[in-house]
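The briefing is meant to be read with the structure open.

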Amino acid sequence: TLCEILGVPPPDRPRFLHWMHYLEKSNSIRPPPPGDAQAAAKHEAFLRDFQDATGEMFEYGLAMLKKRRADPQPDLMSAIAAAHLEGDVLKNG
């Protein structure tokens, strides 16, 4: 539903599911118990994957904003791309 409202093309939607997995799971991540090397390794791996996923998500969002500014569509991303703050268009990043 979010992808539809934003105007995400159907081929890109699996990427959103991947990103949402990390956003949802990040809320329940806690530091591993002291001395548990296996848990610490899993925790570090998740944090690296989370950073990669959120970085990809923000890069995608910035690219979509540029596309929608050049070619507006009837979607939320185009509305965000056209938004102004104090008379100026919102900056990319």
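Predicted model: local features only at pLDDT ≥ 70, side-chain atom pairs only at ≥ 80, totals over all residues.

Helix α2, residues 13-26, and helix α3, residues 37-70, have axes that come within 9 Å and cross at roughly 130°. The largest nonpolar core has 14 residues, and both of these helices are among the elements that give two or more residues to this core.

**The α2 and α3 pair**

- The crossing in which α2 passes α3 is left-handed.
- On the α2 side the contact is made by R15, F16, H18, W19, M20, Y22, L23, K25 and S26, while α3 contributes F46, D49, F50, A53, T54, E56, M57 and Y60.
- Sorted by class, the residues in this contact of α2 with α3 are ten nonpolar, three polar and four charged.

**The largest nonpolar core**

- Within this core of 14 residues, those with the most contacts inside it are L6, V8, F16, W19, Y60 and M77.
- Two or more residues are given to this core by each of α1 (2-6), α2, α3 and α4 (76-81), and α3 gives the most, with six residues.

**V8, in a loop**

- V8 is found in the loop between α1 and α2, and with a relative accessible area of 2% V8 falls under the 20% limit and is therefore buried.
- Leaving aside neighbours within four places in sequence, V8 is in contact with C3, R13, F16 and Y60.
- V8 and D75 are 67 residues apart in sequence, and their C-alpha atoms are 8.9 Å apart in space.

**F16, in helix α2**

- F16 lies in helix α2 and, at a relative accessible area of 10%, is likewise buried.
- When neighbours within four places in sequence are set aside, the residues in contact with F16 are C3, L6, V8 and Y60.

**Y60, in the contact of α3 with α2**

- Y60 belongs to the α3 side of the contact with α2, and Y60 is also one of the residues with the most contacts inside the core.
- Not counting residues up to four places away in sequence, Y60 touches V8, P9, D12, R15, F16 and W19.

Key: Residues numbered from 1 in each chain as written. Heavy atoms only, no water. Axes fitted to C-alpha atoms, helices over the stretch in contact; angles between N-to-C directions. Helix = DSSP H or I, 4+ residues; strand = E, 2+ residues; numbered from the N terminus. Left-handed = near helix turned anticlockwise from the far one by under 90°. Contact = heavy atoms within 4.5 Å. Nonpolar A, V, L, I, M, F, W, Y, C, P; charged D, E, K, R; others polar. Core = buried A, V, L, I, M, F, W, Y, C linked by side-chain atoms within 4.5 Å. Buried < 20%, exposed > 50% of the residue type's maximum accessible area, 1.4 Å probe, protein only.
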